[in-house]
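Dear colleague,

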Amino acid sequence: MKKRAVLPQWCKEAKIAMIKQDMTMEDLAEKTGKTVRWISGIINGRTYSPNIVKEISDVLGIADSGNFL
């Protein structure tokens, strides 16, 4: 049986903040100047960039402290 990956805490917090703010990936991409594909990869824990996590955190108003890894 394949082991399911655990979503990092920061990703969970980002998704919750997006829902509370009624924000889509497209909205977030527009506000950060990044592509939807890049934003999706970060939010869903498939890729990591500390600079982009900081930008997204600033837009969403959440902490970017070491909760990603």
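The notes below go through the helices and the core that they share.

Please keep in mind that this is a predicted model. I would begin with helix H2, residues 25-32, and helix H4, residues 50-60, whose axes come within 10 Å and cross at roughly 110°. Angles of 65 to 115 degrees count as roughly perpendicular, and H2 and H4 are therefore roughly perpendicular to each other. Where these two helices meet, H2 contributes Leu28, Lys31 and Thr32, while H4 contributes Glu55, Ile56, Val59 and Leu60.

Helix H3 spans residues 36-43, and within it Ile39, Ser40, Gly41, Ile42 and Ile43 are buried. The cover over these buried residues of H3 includes helix H1 (9-20), together with H2 and H4. After H3 comes Gly45, which has a positive phi, near 75°.

Ile39 deserves a separate look: leaving aside residues up to four places away in sequence, Ile39 touches Met25, Leu28, Ala29, Thr32, Lys34 and Ile56.

Finally, the largest nonpolar core holds 17 residues, of which Trp10, Leu28, Ile39, Ile43, Ile56 and Leu60 touch the most other members. Each of H1, H2, H3 and H4 supplies at least two residues of this core, and the largest share, five residues, comes from H1.

With kind regards

Conventions
Residues are numbered from 1 along each chain as its sequence is written. This is a predicted model: local features need pLDDT of at least 70, side-chain atom pairs count only at pLDDT 80 or more; totals for chains, interfaces and linings use all residues. Side-chain values use heavy atoms; hydrogens and water are left out. Axes are lines fitted to C-alpha atoms, for helices over the stretch in contact, and angles run from 0 to 180 degrees between N-to-C directions. Helices (H or I, at least four residues) and strands (E, at least two) are DSSP runs, numbered from the N terminus. Angles under 35 degrees count as roughly parallel, over 145 as roughly antiparallel, 65 to 115 as roughly perpendicular and the rest as oblique. Contact means heavy atoms within 4.5 Å. Buried means under 20% relative accessible area, exposed over 50%, partly exposed in between (1.4 Å probe, protein chains only). A nonpolar core is a set of buried Ala, Val, Leu, Ile, Met, Phe, Trp, Tyr and Cys residues joined through side-chain atoms within 4.5 Å.
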